Amino acid sequence: MGKKEGYINLFEIIQIVKSKKKLFFISLPITIVLSSLFIICVPRSYTASAMLVPEMENPSGVGGLGSLASSFGIDLANATGTDAISPLLYPDLLNDNGFVVDLLKIKVETQDGALKCSYYDYLKKHQKRAWWTKTFASVKRFFKSKDEDVKLGNNKGIFANPYYLSKKENDIVEAVRSNIKLAVNKKTGVITISTEAQDALVCKNLADSVSTQLQKFITNYRTQKARHDVDYYKMLTAKTKADYEKSRRLYGSYSDANMDLVLTSVRSKQEDLENDMQLKFNAYTAMVTQLQAAEAKLRERTPAFTMLKSADVPVRATKPLRMFFVLAMTMLVFVGDLAYVLKGYILGKN
């Protein structure tokens, strides 16, 4: 029995496979059982997403040209605007420890209501892990020095200084980064937020919190100068008002004390006080006008946000794909068995 030149006899292949069917009947069920036992130990995770659109500045003269440029990946509006941080850089916020550590303060709740705690405690104390991960972690802890975290960190907690973390704290921060994805559409400016967690409700809580913190960052950034201007003019307004009221009281008391006197010196002093009061009043009204203009500018610079899609509680887990994994492993073993059985035939051997 062998291979004919030019083609392979399918009937002979089937006969060979049938003669070795015991191998398939043993290896395939074992593969299904072992792969099922393996994948069932891997904790399931859920994914939630939200879509956010911040109000974009539209400098004069851009208009349709900006839309045309965006189709080539060029943000013409940002190039002509005053923002130093392009929306395309928002995903890089996840590289900042301060932004990530602030997310660890949020309160989360599991879907069954059994756990309510901070996201930090949830990641630190309530994460499910595969048994081999726990074993490796136990072995690693056995060989690690007890004061290693004290030497590497500031020993004051993760929230004391986000930029001076211990090894354990840094691992938690990296876990947060791996659980959050930010993407910005160059053409539409839509920000897509994707979060991952082992609990469906925690996953939604995290997506909502990332959206809220991102809006806060964008608002604070775009209104930073305007807020400083408002504070500055508030200070000047309060100062000029105090000066005006002091001058007004001085003028009033001097006028009351010299009401019946008609001396030229008295009238001259009274006119000087009145002129000084008027000057301070003009300065005060000018500062009130400037303050109102600054507040209007602040309102103008404050961006509005539109939620195109709010995060919802996911119904099904996204990882791991258990059925797909078992099927893939079974097919892999089947192909391996088939190659082993037919290798002699393929090589022209009995």
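Analyst: Rings of Phe, Tyr and Trp (its six-membered ring) pair if their centres lie within 6.5 Å; planes under 30 degrees apart count as stacked, over 60 as edge-to-face and the rest as tilted. This is a predicted model, where local features need pLDDT of at least 70, side-chain atom pairs count only at pLDDT 80 or more, and totals for chains, interfaces and linings use all residues. Residues are numbered from 1 along each chain as its sequence is written, and side-chain values use heavy atoms, leaving out hydrogens and water.

User: Which residues do ring pairs link into a cluster?
Analyst: F38, W131, W132 and F325.

User: How are W131 and W132 arranged?
Analyst: Edge-to-face, with 5.3 Å from centre to centre and 85° between the planes.

User: W131: buried or exposed?
Analyst: W131 is exposed, at 54% relative accessible area; W132 is partly exposed, at 29%. Buried means under 20%, exposed over 50% and partly exposed in between (1.4 Å probe, protein chains only).

User: Switching to the core: which residues touch the most other members?
Analyst: In the largest nonpolar core, of 38 residues, they are L104, Y119, Y122, V176 and L214. Such a core is a set of buried Ala, Val, Leu, Ile, Met, Phe, Trp, Tyr and Cys residues joined through side-chain atoms within 4.5 Å.

User: What is L214 in contact with?
Analyst: Leaving aside neighbours within four places in sequence, L214 is in contact (heavy atoms within 4.5 Å) with L52, Y90, L93, F99, I191 and I193.
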